[in-house]
Amino acid sequence: MLIHFGQQLGDYLYDVFVAKFDFWLAFGLIAQLAFTARFLVQWISSERAGQSVVPIAFWFFSIAGGLMTLIYGIAKREPVIILGQGLATIIYVRNIMLIVKNRGRGSKVEKT
């Protein structure tokens, strides 16, 4: 039974990652890597600061990974991905806007 399960799993993984490998699969995998990179950036920044921080690079990786995943979802006609990444990407962009807005205010206060 265990050997049969292993064979089925091997066949499934081959079918998903090798037999069906195309441009969109590669694009989707790169999108996921960009999305994963945001957590690595956040973790490294937090370790350096000695506390939990969310650097601006986190949001840029979020936008890149989110937009790429959204494009993948549109190309593959996946409504769950389209809805999820469409809304999430808007939130990522808004966070960048707030960061830029607050940094601009902070620099004006320092000059006065």
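Asp15 counts as partly exposed because its relative accessibility is 31%, where partly exposed sits between buried (under 20% relative accessible area) and exposed (over 50%), using a 1.4 Å probe on protein chains only. Its side chain meets that of Lys20 in a salt bridge at 3.7 Å, N to O; the term asks for a side-chain nitrogen of Lys or Arg within 4 Å of a carboxyl oxygen of Asp or Glu. Lys20 itself is exposed, with a relative accessible area of 53%. This is a predicted model, so to speak: local features need pLDDT of at least 70, side-chain atom pairs count only at pLDDT 80 or more, and totals for chains, interfaces and linings use all residues. Residues are numbered from 1 along each chain as its sequence is written, and side-chain values use heavy atoms, with hydrogens and water left out.A search of the whole structure turns up 2 salt bridges. Besides Asp15 and Lys20, the side chains of Asp22 and Lys76 pair up at 4.0 Å, N to O. That pair ties together distant parts of the chain, 54 residues apart: Asp22 belongs to the loop between helix H1 (2–19) and H2, and Lys76 to helix H3. Helices here are DSSP runs of H or I with at least four residues, numbered from the N terminus. Asp22 is partly exposed at 31% relative accessible area, and Lys76 is partly exposed too, at 35%.

Both of these residues also turn up in the lining of the largest pocket, along with Val16, Lys20, Leu25, Gly28, Leu29, Gln32, Thr69 and Tyr72. A pocket is an open set of points on a 1 Å grid over the protein atoms alone, with protein on both sides within 12 Å along at least five of seven lines, and lining residues have an atom within 4 Å of a point. The elements giving two or more residues to this lining are helix H2 (23–49) and H3, with H2 supplying the largest share, 4 residues. By type, the lining splits into 4 nonpolar, 3 polar and 3 charged residues; Ala, Val, Leu, Ile, Met, Phe, Trp, Tyr, Cys and Pro count as nonpolar, Asp, Glu, Lys and Arg as charged, and the others, Gly among them, as polar. The pocket holds about 160 Å³ of space, the volume being that filled by probe spheres set on the grid points, which are joined across faces, edges and corners.

As for H3, its 21 residues (56–76) should span 30 Å at 1.5 Å a residue, and the end C-alpha atoms are 30 Å apart, which agrees; the expected span is 1.5 Å times one less than the number of residues.

Definitions and conventions: 1 Å grid on protein atoms, 1.4 Å probe; cavity = no way out; pocket = protein on both sides within 12 Å on 5 of 7 lines; lining within 4 Å.
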